Amino acid sequence: MKHLFASLCLMVTFLHASAQCTVPTSEFQLGGHYLIGGLFDIHNANGPADRPESTDCTSKKLIRSSCQRFQVMRFSVEEINNSTNLLPNVCLGYEIFDHCTDLQSFPGILKLISVNGSIQPWDEPYNSLSKLIAVVGTYTSLKTRTVAPLFMMNHIPMISYGAASSIFSRKQNYPSFLRTVKSNKDVIEVIINIVQHFKWRWVAFLNNDDDYGNDGRDLFIKMIKDTEICLAYTKGLHHDTDYSSIFRQIRAQKIGVIIVFAAEWTAEDLIKSAIRDNIKNKVWIADGWSLNKELREKEGIKSIGTVLGVSHRVVTIPGFSDFIYSAKSQNYSENEGQKFCNQISNCSKLSPDDILKVDPSFSFPVYSAVYAIAHALHKVLQCETGRCNCNITVYPHMVLEELKKSNLTLLNQSIEFDENGDPKHGSHSIVFWNDNGDAEEVGYYNFHSSRPLFINTSKIQWFTKKVPISLCSKKCRKGYKKKYHGIHKCCFNCEICPNGTYVNSKEDPYKCIPCKDTEWSAEGSTSCSLRVVEYIPFTDSGAILIMAGTWVLVGLTLAMSVLFAINYNTPVVRSAGGPMCFLILGCLSLSSLSVFFYFGTPTISFCILRFLPFILFYTVCLACFVVRSFQIVCIFKITAKFPKVHSWWMKYHGQWLLITVAFVIQALLLVINYSCAPPKPYNETVWYPDKIILSCDIHLRESSGSVVLLLCLCCLCFIFSYMGKDLPKNYNEAKAITFCLFLLILTWIIFATVYVLYHGKYIQTLNALAVLSSLYSFLLFYFLPKCYIIIFQPHKNTQQYFQGLIQNYTKTISQ
């Protein structure tokens, strides 16, 4: 039994030993059953090339963070090879290249896709098969765009750990491209949300002048279109950029927030120039360089202002630190690495601490990319049973199909790709460079969350002690509209909205919106208020007094008519006009009907009856007084000199003919006027901004004929009555008529003056009062004296008394 157990142990040991992978002789190469390509820009050869030749990468600037990512890939493959669950009897190998330039690293790429040193034509069937199943890399969008087409033709999966340009989401161009970092679109979304959170409106956007940076800038411009953010200044950065000129522009435009969307080596040059040019008190928003420790420790970094950054969530990879320390003690043959393209890792010159303390932002994306490939290969080889089926011929497109279905959890992080090859899950950290030189996490942005952004503002130590302001123009005060000043919507002047308008800052801050006719607003308003509707109701005290006066007038005319009827044959009644007195008194009563329609809510019928009775029947009254004035003058002055005129007047009843003609003409004028343009209710909104005065609209042009006729009659009456001013003192109806006309004219002159100066609701009361005064002037100063004689001085109401007055006047004028 003991011998059997020992034999089994020896067999297991032999099988395990036979499955071990080849010990790497170079950091760049490891043999295995299947190879993963790796493209890392360990050195950066930025700047244009003078001639097309292979670049000596080792002579270029060493990128420490790329050294860390390079070691992460080596660690990931070693960890997978040591695993008993993932690819249990399969050994992964790698072929890593220092992809230091985008245009002169093709030898490394061609070596990856070659088979036995030759390139397989794409339109021919596979004659031999390469061990390459996938590629991890590259870091930048420009380098990825250059080399990706070489892998896309054979659908070799290419998983980038840093290329964030949105163009790689186009599957028709990059069918086998995937990535373990969020695209530029997501990063720009986070940056815009930060800018909006702090209400910054006036920003500069500085970017790498390459695919990555220009894509970020274009996305930023597109995504801020429907926001209040304005891009005040933008500039593409390259190796020979004049940074001083950029800072002069930023100072001139008073830009307080600078978004730097650039690779870490470009950001280093920019920030160092800012310190050198004494740029102070700005807010810097970083993306991929937000965890750059070298810059955080740079002397003078605190003077440039506040640095906020958007970074990938840093995930600590267990065992990686031990791997770096152990790798330092291993000896690799540099000559082995020099067999192809000077692939010598200067990373070995760095201490483990130098590698571990650099920006770890993209380490987990490399780690997850390698593991995603391993899990995909695990499924292709059907390793779920505990042993992989090595008889299956593995083609890259088979690995690609499984990669698209990836759904694994790695270090508590979900690894899954959407239809565009972008990671489905993930979040970004928001960091702040504090006074201790640390990138302190102050918030996060969780995609696909109802409230994705969180920032603990209390942790941020602003250079101004409070949140800085970055505006082209200060916010307008309430009631002021914006008026564009220049080409940017953030630059404007503020103008106060006048009376009758208001500004709604949420809907349209650039327009003063007129209020409705039923509303009003004071200068500088943000809303309209309902106008107060005013008119004179029947219950108004002034209206009650005027209507009472009207009823008194009607009662007086009725009483006078009865008195005149009783004393019809007396000289006073005959001298007052005889039967014409009853016509005048009746027309005065009918004219008073207009007074009642000046009160209450105006309607079409009210507006018509407000003017029609007075104009029509007062025309008859004036025509009667014209006739009476003419008759008085004719009897005493014209009869003797022009007997034929008096004869014709008496023969054809001239007085009634004149009255009838005046009535008919006025009636026709009123019918024509009201047919063309009848009076109608009108809301007076001009004179009082906060009120609506209900009145009637009078069309002066159409009504001018009726008014002219009244004026003509008034003038004729005044002329004739004035001609009889020297008639007998006690028999002087002419003087009474003249005085009544004088009161009439004075009344309407006063009303016209008030009408010009005042347009309130009481103008209707004054109009009714003017009408009533016009009626009372004839009633009181023409008819009332005669009633007084009839009642209190009957001795003067005799034939002898009147004949005596006439004889005395005749003697006087004959002398």
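Me: What makes a residue count as touching Phe783?
Reply: Leaving out residues up to four places away in sequence, Phe783 touches Met560, Phe564, Cys581, Ile584, Leu585, Leu588, Phe625 and Phe778. Each of those counts as a contact because it has heavy atoms within 4.5 Å.

Me: What kind of model are these values from, and how are residues numbered?
Reply: This is a predicted model, where local features need pLDDT of at least 70, side-chain atom pairs count only at pLDDT 80 or more, and totals for chains, interfaces and linings use all residues. Residues are numbered from 1 along each chain as its sequence is written, and side-chain values use heavy atoms, with hydrogens and water left out.

Me: Why is Phe783 called buried?
Reply: Phe783 has 0% relative accessibility, so it falls in the buried class (buried is under 20% relative accessible area, exposed is over 50%, partly exposed is in between, using a 1.4 Å probe and protein chains only). As for where it sits, Phe783 is found in helix α23 (helices are DSSP runs of H or I with at least four residues, strands are E runs of at least two, both numbered from the N terminus).

Me: What makes the set around Phe783 a nonpolar core, and how many residues does the largest one have?
Reply: The label goes to a set of buried Ala, Val, Leu, Ile, Met, Phe, Trp, Tyr and Cys residues joined through side-chain atoms within 4.5 Å. The largest has 64 residues, and Phe564, Leu588, Phe599 and Phe783 have the most contacts inside it. Helices that each supply at least two of its residues include α15 (541–566), α18 (604–641) and α23 (763–792). The largest share, 15 residues, comes from α18.

Me: Which residues does Phe564 contact?
Reply: Apart from neighbours within four places in sequence, Phe564 is in contact with Val573, Ala576, Cys581, Phe582, Phe783, Lys786, Cys787 and Ile790. There's also a second, separate core of 63 residues, with Ile42, Val315, Ile317 and Val394 among them.

Me: What makes Cys230 and Cys490 a disulfide?
Reply: Their sulfur atoms are 2.1 Å apart, and the cut-off for a pair of cysteine sulfur atoms is within 2.5 Å, so the pair qualifies. The link is right-handed, with 95 degrees about the S-S bond. Cys230 lies in strand β12 (residues 230–237) and Cys490 in the loop between β21 (480–484) and β22 (492–496), so parts 260 residues apart in sequence are tied together. Both Cys230 and Cys490 are buried. A search of the whole structure finds seven disulfides.

Me: Why is the Cys497 and Cys512 disulfide called left-handed?
Reply: The torsion about its S-S bond is about -85 degrees, so it gets the left-handed label. Cys497 lies in the loop between β22 and β23 and Cys512 in strand β24, so this pair ties together parts 15 residues apart in sequence.

Me: How do you know that β23 and β24 pair?
Reply: Two strands pair if DSSP finds at least two bridges between them, and β23 and β24 (residues 508–514) have three, in the antiparallel sense. Thr501 has Pro514 in β24 as its bridge partner. Thr501 and Val503 form the covered face of β23, while Tyr502 and Asn504 form the uncovered one.

Me: Where does Cys740 stand, in a disulfide or in none?
Reply: Cys740 is in none: the nearest cysteine sulfur, that of Cys717, is 8.9 Å away. With 0% relative accessibility, Cys740 counts as buried. Cys676, in contrast, is exposed, with a relative accessible area of 59%.

Me: What is the mean pLDDT, and where does pLDDT stay under 50?
Reply: The mean for the protein is 84, and 85% of its residues reach 70 or more (pLDDT is the predictor's confidence in each residue, from 0 to 100). Over residues 1–19 it is below 50, and that stretch has one contact beyond near neighbours in sequence. It also stays under 50 over residues 333–342, which have 17 contacts beyond four places in sequence. Where pLDDT is low, the predicted coordinates should not be read in detail.
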